[in-house]
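Colleague: I am new to this structure. Could you take me through it?

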Amino acid sequence: MIPALHVQSVHKRFGDLHALRGIDLTVEQGEFFALLGPNGAGKTTLISLLAGLSRATSGRLAVMGRDVVDDYRQARRALGVVPQELVYDSFFTVREVLRFQSGYFGIRRNDAWIDELLENLGLADKADAYVRNLSGGMKRRVLVAQALVHKPAVVVLDEPTAGVDVELRQSLWEFIRRLNREGHTIVLTTHYLEEAETLCQRIALLKQGQIIALDTTANLLASHATSQVALRLDPPRLPEALRARLCAAEGEMFRLALQSCGELEGVLASLREAGVAVRDLEVVKPDLEEVFLELVK
Amino acid sequence: MTGLYTLFLKEVLRFFKVSLQTILSPLVTTLLYLLIFSHVLEAHVHVYPGVSYTAFLVPGLVMMAMLQNAFANSSSSLIQSKMTGNIVFILLPPFAYWEFYAAYVAASVVRGLVVGLGVGVGGLWFADLPLAHPFWLLAFAVLGCAVLGAAGILASLWADDYDKMAAVQNFIIVPLTFLSGVFYSIHSLPPFWQAVSRYNPFFYLIDGFRYGFFGVSDVSPAEGLLIVAVCYLALSLATLQLLRSGYKLRK
Ligand SMILES: Nc1ncnc2c1ncn2[C@@H]1O[C@H](COP(=O)(O)OP(=O)(O)OP(=O)(O)O)[C@@H](O)[C@H]1O
Ligand SMILES: [Mg+2]
């Protein structure tokens, strides 16, 4: 099967700034994929290259097998992008904007799908409002709708949930999940790592223009972070044998590293031997935030 | 063609939505020129035999209004889109560079003609105008708006901010329109300035447009149209080339 996105040794320079340094990436059709990384890592730059908003200094990019330069018309038809910047056309209403955007992609009568988009994005009662009069979160929803008017095979969302309230965040992801189930490939960037962790099957981690990790979410969690156990000890004193595991200590609270939950047995045994009682205990599972911090370090 | 047509339609609706500013205000300004200049100069200036100064002035002002508004339409729309960032909505769809060009130029022509028609109808209140050669009249009107529509795209591609855009408008477009024989026939100028005027494409537009009304002109209309057409072609090729290369749009 043709990959949804295919990026081959792509470099992008802005003058002296080497924003992307040799990106190789393949996203298969039907994937739910996260592009993560700290501010300035190059996520938006990579998306701009895919969308043809910007041109690569070297290397090739293809969307659904169509080169974004040589076959830009087909490549752009296959792609829907929600830009990171909150941009809008102040002359028109929500419905007008969506009709125009449909027309740009060669779709004449699109009102059934436009209504469905408005419904799912909680914009139904704003259809005839001017975009400039909407709140920030509402404007962001319009951007999502605009990206989806032509039912693109690949949907790229550049921080779609920035400034969006909890309720819409839920319904937005529900809707995007549905699109994914129906076969659309989804790529998203976000700084809310728990979103990426729960939604995405695979993650690429970008740092200073390079991919420093690319794996399934499960593998990343398993290989790069350890579980921890938080203990309240009485007396608040850690036996010598457990010193190596210590991650953090505060008052009578101690956090110890565990490679696996099986090691908990041994920890408790050591405490018992030393005559230290456990008043409280909590096992803390690794999350993407830790993996992220460890890798980006 | 749906894409091209939609973009054109959007550009036309854009200026109709703010028609107080884009149609009515240039109309009023131009009619004020007409009121004042015709009042002051009517008794003193005669350019063509049998044509009153006011009648001479109307086509010049109509053309001036058309040219300035055609330029304003594409240039202000694009510079706004660039500055606010909503140009992405035009850059993301699968437009060919020539579709981009065609939609903006066509919308500029519509804006120019609408304003021109308004000024022309208003002008009839001041003077009776013959219609000697409607075809020439229309040809110069459409071509003139197209030249300025293309120039508007070119200028807004180049300009990085509103200030540079205003500079093009105030230091190139306005002087060229004023110094093109709107208010006078170039035959009334000293020889040096007559020669200089011949390098101003706007002069041929206004002269040819007047020919459409009165059947008399400083330069033969065919020659004028040819010169303007060559200018249009050169400007269009430059604009298309920049659009194709993604100049300042696709960094
Ligand atoms: N048009 C441009 N001109 C010059 N430098 C640019 C341009 N666009 C991006 N950059 C630079 O390229 C680098 C990558 O920026 P990019 O916007 O891709 O980061 P990002 O990963 O999307 O960050 P964020 O999480 O903040 O959105 C940054 O150093 C940025 O300053
Ligand atoms: Mg970004």
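This is a predicted model: local features need pLDDT of at least 70, side-chain atom pairs count only at pLDDT 80 or more; totals for chains, interfaces and linings use all residues.

Colleague: How many residues of chain A are in contact with chain B?
Modeller: Contact is counted for heavy atoms within 4.5 Å. On the side of chain B, 30 residues take part. On the side of chain A, the number is 29.

Colleague: How many residue pairs are in polar contact between chain A and chain B?
Modeller: Both residues of a pair must have pLDDT 80 or more to be counted. With that condition, the count is 14.

Colleague: Which element gives the largest share of the side of chain A that touches chain B?
Modeller: The elements of chain A that give two or more residues to this side are α2 (72–77), α3 (94–104) and α5 (136–148). The largest share is five residues. That share comes from α3(A).

Colleague: Which residue of chain A forms a salt bridge with K17(B)?
Modeller: The rule finds three salt bridges across the interface of chain A and chain B; over all chains, the count is 22. A salt bridge needs a side-chain nitrogen and a carboxyl oxygen within 4 Å. For K17(B), the closest N and O atoms are 2.8 Å apart. The partner is E96(A).

Colleague: Where does D89(A), the salt-bridge partner of K10(B), lie?
Modeller: The side chains of K10(B) and D89(A) meet at 3.8 Å, N to O. This pair crosses between chains, and K10(B) sits in helix α1 (residues 2–17) of chain B. D89(A) is in the loop between β6 (79–82) and α3 of chain A.

Colleague: How far is an oxygen atom of ligand 1 from an N or O atom in the side chain of K43(A)?
Modeller: Take the backbone first. A polar backbone atom of A41(A) is 3.2 Å from an oxygen atom of ligand 1, and a backbone N or O atom of G42(A) lies 2.9 Å from one. For the side chain of K43(A), the distance is 2.7 Å.

Colleague: How much of the accessible area of ligand 1 does the protein cover?
Modeller: On its own, ligand 1 has 640 Å² of accessible area. The protein covers 64%.

Colleague: Which element gives the largest share of the shell around ligand 1?
Modeller: There are 14 residues around ligand 1, with G40(A), K43(A), T44(A), T45(A) and Q84(A) coming nearest. By class, the shell has five nonpolar, seven polar and two charged residues. Two elements of chain A give two or more residues: β2 (17–27) and α1 (43–51). The largest share, three residues, comes from α1(A).

Colleague: Where is the residue P235(A), and is its peptide bond from D234(A) cis or trans?
Modeller: P235(A) lies in the loop between β11 (227–234) and β12 (246–250) of chain A. Most peptide bonds are trans. The bond from D234(A) to P235(A) has omega near 0°, and is cis.

Key:
Residues are numbered from 1 along each chain as its sequence is written. Chains are lettered from A and ligands numbered from 1 in the order in which they are written. Side-chain values use heavy atoms; hydrogens and water are left out. A polar contact is a pair of N or O atoms within 3.5 Å; within protein, one must be able to donate a hydrogen and the other to accept it, and residues adjacent in sequence count only if both atoms are side-chain atoms. Helices (H or I, at least four residues) and strands (E, at least two) are DSSP runs, numbered from the N terminus. A residue is near a molecule or strand if one of its heavy atoms lies within 4 Å of it. Accessible areas come from the Shrake-Rupley method with a 1.4 Å probe; for residues, only the protein chains shown count as cover. Ala, Val, Leu, Ile, Met, Phe, Trp, Tyr, Cys and Pro count as nonpolar, Asp, Glu, Lys and Arg as charged, and the others, Gly among them, as polar.
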